[in-house]
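Please take a moment to look over the chain as a whole before turning to its parts.

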Amino acid sequence: MPSLECYHSTLNAMGCDAEDTFNEDAVARLLSVMQKEGLEPTTVTLNSALGVSVQKGRWQEALAFGQRLRKQSIAPSEVTYGELISACKESRKWQVALSLLEASLAEDSTTSVTTFNIAISVCESSGKLELAIRLLRRMQELGLKPDVYSYNAVLAACQDAGDWQMGLAIFEEMKKQSIMPDIYSYGAVILSCSMAMQWEWAVNLWHQMESQGLAANGVILSSVAGVCSRCGQQAWVDYLLAEMRRRGASLDNNAFSVSVDLDTDAGAVAAEEEESHSSAAAPVAEEESEQLEQQKLSGASLKVFMEKVEGASKLYMEALKDGAFTPWVRPGRLLDLHGMSTEVAKVAVYVALSGVPDLEEDDLAFLWGLKIIVGKGIHSKDNQVVLEPVVRELLEDVFQLQVSETSEGAFRVYRQDIWAIKCEGVWPPKWLKEGKKPPKAWLQRRRWLPELPQSLRERSRRISKRLSRISTRDRALTAE
């Protein structure tokens with residue numbers, strides 16, 4: 001007489017049958033024979049039988065079968081719920097998957113990181129990014145530690161949703177949790193950036209990946225080369241294609257064309273984005289102003305925006321260390337955003353302000369403020385200014401800072417606000433990170449600001465005297 005293990009092996013083989021000749025009735029007949037021979041089904045039997053339906057993508061059949069065996073007092077295990085939730089992935093039945101996850105949580109010791117990972121994958125395949133992130137947070141609240149597969153599933157959801165900023169934030173959170181990204185982690189976030197025409201982030205992520213000892217495959221290299229081609233970075237395209245030839249990697253036309261082919265949906269979006277960047281300054285300012293106004297009015301949106309910028313700032317700072325960006329003309333007080341995209345420029349300003357509390361008290365930034373060079377639009381299409389309205393809106397409407405008028409392609413964050421950030425001791429402040437309105441104390445910050453330190457006031461007088469002597473000498477030379 002066949003043993004229980006033989007029946008389990010038979011059920012597993014039925015799930016792997018390529019001809020799809022077995023169904024719920026066939027499984028039920030086999031179980032009936034097993035019981036007639038005096039062998040009672042166990043949880044392992046249940047899991048093996050469910051595997052047949054899961055392998056065939058029959059989620060309804062799997063649920064019905066699971067409920068039927070549940071009535072026979074066969075207790076479901078972690079594997080049982082994993083199989084049931086997995087059956088929902090192909091059919092994108094995320095509501096059913098979440099219900100099953102809740103049922104699993106109601107059981108004792110049946111929910112693990114793996115069960116959550118499967119549920120996150122269902123949300124990813126269903127295009128539910130917010131739900132995927134919510135499940136990641138739920139894991140942490142329950143004391144479960146997400147692993148690389150948890151984060152990879154969320155990163156894949158970010159890629160599918162086209163949310164490259166959230167992808168960067170999740171990627172940086174992953175590293176902060178001491179979870180080493182793998183090739184799939186990098187692949188998802190790099191492809192997200194490539195599809196969004198963010199070539200700077202794509203290149204720097206690739207550099208970071210290689211420095212970690214992970215060799216990029218042809219798909220990733222093709223994606224980075226594609227976005228560089230679309231953004232007019234021909235030097236990078238030539239270098240990447242040469243690197244692919246050296247490694248013997250073939251060009252992946254699909255990955256390359258995601259960023260290059262304007263006939264694709266992604267390309268169309270990219271074309272619209274570039275068109276908006278190169279149109280008149282007023283429409284650009286209007287569009288960005290509308291986006292930032294929405295963020296300002298919605299606390300939740302502002303909080304998410306700040307989380308994304310914070311996530312991107314980690315990658316930006318690593319790029320600074322590698323020399324990929326060199327925005328500081330004079331550290332702490334003269335920032336040059338020339339050549340940056342609008343998204344990178346936002347992060348550069350955020351990082352610059354976050355460094356203000358670390359400046360020495362006698363730094364000249366507290367005398368002159370932070371000067372930001374945004375350009376005159378000379379190198380933009382139709383000579384239109386692109387960065388100035390975007391950065392100004394960010395500083396004034398989101399960060400609630402006061403800036404000067406633009407002159408010769410540059411403006412300043414006033415010295416009083418730079419000194420206020422120093423006195424606060426942190427940037428961004430808590431209210432901004434939480435998406436709340438600025439408190440009254442911040443709005444009236446100039447009233448309570450302490451005096452500049454004596455050393456800085458003395459330095460200011462020395463500079464004024466020196467400038468006065470230079471001015472007197474120039475007048476004398478002019479008179480001669």
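How many cavities of 30 Å³ or more does the structure hold? In this model, which is predicted, there are 2 cavities of 30 Å³ or more, and the largest cavity contains about 50 Å³ of space. The residues that line the largest cavity are Trp-164, Gln-165, Phe-305, Lys-308, Val-309, Ala-312, Glu-343, Lys-346 and Val-347. Helices α10, α18 (299-322) and α19 (342-354) each supply at least two residues of this lining, with α18 giving the largest share, 4 residues. Sorted by class, the lining of the largest cavity is made of 5 nonpolar, 1 polar and 3 charged residues.

Among the 480 residues of the protein chain, 48% count as buried.

Two packed helices are described by the angle between their axes and the distance between the axes. For helix α9 (residues 148-161) and helix α10 (residues 164-176), the axes come within 9 Å and cross at roughly 170°. Angles over 145 degrees count as roughly antiparallel, and α9 and α10 are therefore roughly antiparallel to each other. On the α9 side the contact is made by Val-148, Tyr-151, Asn-152, Val-154, Leu-155 and Cys-158, and on the α10 side by Met-166, Gly-167, Ile-170, Phe-171, Glu-173 and Met-174. By class, this contact of α9 with α10 has 9 nonpolar, 2 polar and 1 charged residues.

A second pair is formed by helix α5 (residues 78-86) and helix α6 (residues 94-106), whose axes come within 9 Å and cross at roughly 170°. The helices α5 and α6 are therefore roughly antiparallel to each other. Here Tyr-81, Leu-84 and Ile-85 of α5 meet Ala-97, Leu-100, Leu-101, Ala-103 and Ser-104 of α6, and the residues of the contact of α5 with α6 divide into 7 nonpolar, 1 polar and no charged.

Two single residues complete the tour. Gln-208 lies in helix α12 (residues 199-211). Why does Gln-208 count as buried? Buried means under 20% relative accessible area, and Gln-208 counts as buried because its relative accessibility is 10%. Once its neighbours within four places in sequence are left aside, Gln-208 is in contact with Phe-171, Lys-175, Tyr-186, Leu-315 and Glu-318; of these, Phe-171 is also one of the α10 residues that make the contact with α9.

Cys-423, by contrast, has its place in helix α22 (residues 415-424), and at 30% relative accessibility Cys-423 counts as partly exposed. Not counting residues up to four places away in sequence, Cys-423 touches Trp-448, Leu-449 and Pro-450. The C-alpha atoms of Cys-423 and Val-356 are separated by 9.7 Å, with the two residues 67 residues apart along the chain.

How values were computed: Residues are numbered from 1 along each chain as its sequence is written. This is a predicted model: local features need pLDDT of at least 70, side-chain atom pairs count only at pLDDT 80 or more; totals for chains, interfaces and linings use all residues. Side-chain values use heavy atoms; hydrogens and water are left out. Axes are lines fitted to C-alpha atoms, for helices over the stretch in contact, and angles run from 0 to 180 degrees between N-to-C directions. Angles under 35 degrees count as roughly parallel, over 145 as roughly antiparallel, 65 to 115 as roughly perpendicular and the rest as oblique. Contact means heavy atoms within 4.5 Å. Ala, Val, Leu, Ile, Met, Phe, Trp, Tyr, Cys and Pro count as nonpolar, Asp, Glu, Lys and Arg as charged, and the others, Gly among them, as polar. On a 1 Å grid over the protein atoms alone, a cavity is a set of points where a 1.4 Å probe fits but cannot get out, and a pocket is an open set with protein on both sides within 12 Å along at least five of seven lines; lining residues have an atom within 4 Å of a point. Grid points are joined across faces, edges and corners, and a volume is the space filled by probe spheres set on the points. Buried means under 20% relative accessible area, exposed over 50%, partly exposed in between (1.4 Å probe, protein chains only).
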